[in-house]
Amino acid sequence: MGAQKKRAAAAAAAARVSEDPDDLARQPLQAILLADSFTTKFRPITLERPKVLLPLVNVPMINYTLAWLEAAGVAEVFVFCCAHSKQVIDYLENSEWFSQPNFTVKTIESHNIISAGDALRLIYEQNVIHGDFVLISGDTVSNMSLTQALQEHKERKKKDNNAVMTMIIKKSKPSPITRQSRLGTDELFMAIDPNTKQLLYYEDKADHSKGTICLDKMLLAENPSISLHNDKQDCYIDICSPEVLSLFTDNFDYQHLRRHFVKGLLLDDIMGYKIFTHEIHSSYAARIDNYRSYDIVSKDIIQRWTYPYVPDVKFCGNRATKLERRGICFTAFNSEIEQSRSAQVGSFTVIGYGTKIGSNSKISDSVIGEGCTIGSNVLIEGSYIWDNVIIEDGCELRHVIVCDGVIMKAGAVLKPGVVLSFKVVIGERFVVPAYSKVSLLQQPTVHDSDEELEYADNSSGTVEFSSIQGTADQSNGEMTSESSEAHKPKLGTGGVGYIWSICEGGQEEEWRHSVAPIPEDKLTELSEAMDDDQELVTQDRTALSTSGELISDSNASEGDDNEDSKDDSVYFEKEVEATFLRAVEENVKVDHVILEVNSLRLSYNMTSADCAGAVFYSMMKLAIKTPHSSASELQQNTANIITTWQKLLKSYLLEIDEEIEIILKFEEMCLESAKEFSPLFARILHILYDKDILQEDAILRWADEKEGADESDKVFVRQSEKFIQWLREASEEED
Amino acid sequence: MTQIEPQNQLTLDLSRKHKIEGSQATARQTAELLRSVISQQRVPYTNQAGALIDAVKAIGEQLIAANPVELAVGNIVRRVLHIIREEDLSLTTAAIGGLNLSAVSDDENDDDRDGDSTLSAAAVAAAARSTLRPPSLQTLLEDTPVSAAVPQTSSSGGDSEGKSKSADKSSRSRKLKHDVIEAVNELIQDIVTCHEQIAEQAVEHIHQNEVILTLGSSRTVLEFLFAAKEKKRSFRVFVAEGAPRYQGHLLAKELVARGLQTTLITDSAVFAMISRVNMVIVGAHAVMANGGVIAPVGMNLVALAAQKHAVPFVVLAGSHKLCPLYPHNPEVLLNELRSPSELLDFGEFSDCMDFGSGSGSPLLHVVNPAFDYVPPKLVSLFITDAGGHNPSYMYRLIADYYSADDLVVQRRATAGN
């Protein structure tokens, strides 16, 4: 009987054990794909087409993300559409993603969402996420395997319920040049516990000019070891537990995934949620954040780092392309292109279906979309030309992005970094200056929100334009004809479109995020900056014993300390004042007030001199607020308050230094905030002396210190000269 | 009928390369898919074979396009087409032979072969085939129908059922489908058992105390070596690791687990070791009609080294790897360029890209082809599930498996053949 029971128990235990992994396996992996980056980096193109549908090597970006999710074993994807949601949904409905047997794609649509945080809150409300999920934006290209990261995440979650997120990171060379030339992003600092891989610190907006970062010293106190990295790159792929969504709901001010959410979790140790990292080595992951990363990721795809998501492998209904050997390297070709015999197509080039290339044209390192017509003697270098573009004879394009339906008349030249949005027409022999962005839509003014974009009303009414006008709110368009006239000649004869003035940051910043290579002078600037930053190489630091005082080292510069403490002391004073006023109103016992002020002192890490100053300040403030008609009344009030609260003040006056602090504080008040006291300075000083708050030594030392000061500083010393004189004499007599 | 669910799935699986690995699995899945296509295909009263052929071609075209590098898909599609033709032919001939109804034939091909009324269906099929192309060497030598060497081409039910019903067309159409499915089942069986059939021949080739060299990992090679080991042959194996995927490491582990004396060497050490080797035994990705081999990268070096030292270079290949195309066709020679990250971590590579964006193209290119081409003159022997063959004989073997009409798998606008 007993044996049977035991066996039953064992069986039950076995069942429980076996249930557990089953549970994990049964829970299908979900993913949230944000089909909107909530930024404006790809304007003006994104005014007309959502970023996730922009072609990346002739395939809309979102396909790379979806193909990867499918391959990584995700069963259900929620595509969150916001800007141009109709276009995204239409595209997905017509694509093959909706007809996959083991992969469901669902769209969630909302128009009044302005940040990733809002999107996640909305998804939480819909209650569709049941287990761990992958959070990714629709502009991420990767071929990594999720299995290991997911496994690690689940194991951590089992051990520690607070491990809510695993962030995928990748090594990159710790140099601002690399960062800049690769993805156009700023430097990223991360502090990671080398043993547990817990993320302790995340800073992507480090101030370059200072060359410093600030670490909370508690970080060093709490963790036995920390490695500080500036050689990691954030892949923007996160494996999250369902708690993440509720966290977003609880903290309704979280907007940005990294800036608010990650930093918020790291700083807020009340809830104790933890973020971990998973580093990938050989596989590829990158997010397209701006034009430069668009350029770099395209090149990586052509060079097959993203295999199997490469042009000659059909992964999502793209047309079959074939590789051809060009010299040593390979070029992806579609089988049905018309190419003149004398045209030279160089290496690392992708040419789409049905494109015609005229004689003597040279194309290298470029991507050309479907149905383009390229005339003869055209030079195309490092450029991205989308579908149905017509480029007439003799044009030159270097490092530019040209969107669908653009027409370039003969002899037009695009300088590096130019972006031509949809259906722009460039006039004959017109030279578009470097880094300019050209669109049929007029640049929205800075204050316009997305909804109120004012569409231009084109009086000349070309065919291309009328199609846009159909969608545009014509009544809104307040473009006057003369200003369109003013814009017109800018694109040469027959040109259609507006050159956008360079927005925030100005020319200075444009080179950072454009497709054009970084100019020489900027590179030298960067490398000089890097030399200065040499001290910032990765260092492993081990904290001292927790009891010992931690001296914050090179990372926290003194300037920062001062600034911080200044801020702190202002807050501290305000807090003390509030406490004091409340105590006066509610008749709190002096002892309790002392306790409260003490706790404030501890939390702000202040000295007792600061406390004394703050308490005295609040007392004086109270005195001046008490209604009074004359100076003598004010004096009387002050005397009363000092008498009532002398115990409080005295508890901080342990040494003579604190007393001097009070005098200095009083002096400061008389000069600045409470000028009414200035005539009463000597008398109040006397009161303080009488009440034994200030000793004569303190007053005398203050007077001595002031001896050498400027005349203007001596006003109060002079005023209280008699009193000081009397004090001196009294002490001499005693001697 | 062209858009059915499993077919989409397989197309996708084929094109997303992570799903199916290895030509055997691909071949098997393709055959199973085609079987279900055939069983679901409604056949009209007239010209059933034509309808089946069209259906198979339609799907085959898509499958081949999904991953043109995996030649096994095309091979299986062509094999199935060949099966349909054979079965149709044998049925028609049997019908004509049995009832002497020359007018029944709806297949124009048959019109000129009314005479052979006394032969069994399979024999008729073989005879019919032999009128289409030169007779196979095997048929000539053995004087038997194809069944022994090429079981899948023999019509399984042909002999018995061929005589039973004939005039009734609907039953005939059902029978054609049934026969075809039966034959495809045999084909699937062949694919599944190809390793064993090849391995059975191991003792004939591996002798006591020999030293065998192989490159990379191949299941066929693994089974082959085990089979020899099981027959109490004692021999040594040199395994070249097969960079950059290093599958040789896996092979070495498995060999050791089965108690074989194994030495692991780098690919570059092959030439140094070849003089001590008695035989090179390798697997293949595909065998072309001229006897050339598409094999994992590095194989050409091994073959050259073997030739230099007059070591036999033996290629093991299941019959699903026999491809009726010639390698001068650029579509076939098309190599698969795999991810450069197998050679170099992406992180390391990005270190070299600092100023790479200056001219637009980086100075470092990483090229990682998956396959090598070994010309037939370097191959000493092919061992398929049908036995050992000389490279110059491959085209005949292939002619036994495929119809010349199917070399280009493309749907025709009009039904019928």
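**Figure 1. Salt bridges in the predicted model.** Over all chains the count comes to 21 salt bridges, a salt bridge being a side-chain nitrogen of Lys or Arg within 4 Å of a carboxyl oxygen of Asp or Glu. This is a predicted model, in which local features need pLDDT of at least 70 and side-chain atom pairs count only at pLDDT 80 or more, while totals for chains, interfaces and linings use all residues. Residues are numbered from 1 along each chain as its sequence is written, chains are lettered from A and ligands numbered from 1 in the order in which they are written, and side-chain values use heavy atoms, with hydrogens and water left out.

**Figure 2. The salt bridge between A:Lys41 and A:Asp289.** The N to O distance for this pair is 3.2 Å. A:Lys41 sits in the loop between β1 (30-34) and β2 (55-56) of chain A, and A:Asp289 in the loop between β14 (285-287) and α10 (291-302) of chain A, so the bridge ties together parts that are 248 residues apart in sequence. Helices (H or I, at least four residues) and strands (E, at least two) are DSSP runs, numbered from the N terminus. Are the two partners buried or exposed? A:Lys41 counts as partly exposed, at 33% relative accessibility, whereas A:Asp289 counts as buried, at 17%. Buried means under 20% relative accessible area, exposed over 50%, and partly exposed in between (1.4 Å probe, protein chains only).

**Figure 3. The salt bridge between A:Lys274 and A:Asp160.** Here the N to O distance is 2.8 Å. The pair links distant parts of the chain, 114 residues apart: A:Lys274 belongs to strand β13 (residues 274-280) of chain A, and A:Asp160 to the loop between α5 (147-159) and β8 (163-171) of chain A. A:Lys274 is partly exposed, with 27% relative accessibility. A:Asp160 is partly exposed, with a relative accessible area of 21%.

**Figure 4. The salt bridge between A:Lys232 and A:Glu279.** The side chains meet at 3.2 Å, N to O. Because A:Lys232 lies in strand β12 (residues 232-240) and A:Glu279 in strand β13, both of chain A, the pair ties together parts that are 47 residues apart in sequence. A:Lys232 is buried at 6% relative accessible area, while A:Glu279 is partly exposed at 24%.

**Figure 5. A network of salt bridges in chain A.** Which residues are linked in this network? They are A:Lys51, A:Asp139 and A:Arg287.

**Figure 6. Two buried cysteines, A:Cys240 and B:Cys194.** A:Cys240 has a relative accessible area of 0%, and B:Cys194 has 1%.

Figure 7. Chain A has 23 helices and 36 strands. Of its 735 residues, 53% count as buried. Among contacts (heavy atoms within 4.5 Å) in chain A with a separation of 6 or more, 60% join residues 24 or more positions apart. The accessible surface of chain A is about 33600 Å², with 49% belonging to carbon and sulfur atoms; accessible areas come from the Shrake-Rupley method with a 1.4 Å probe, and for residues only the protein chains shown count as cover.

**Figure 8. Chain B.** Chain B comes to 16 helices and 10 strands, and 56% of its 417 residues count as buried. Residues 24 or more positions apart make up 80% of its contacts with a separation of 6 or more.
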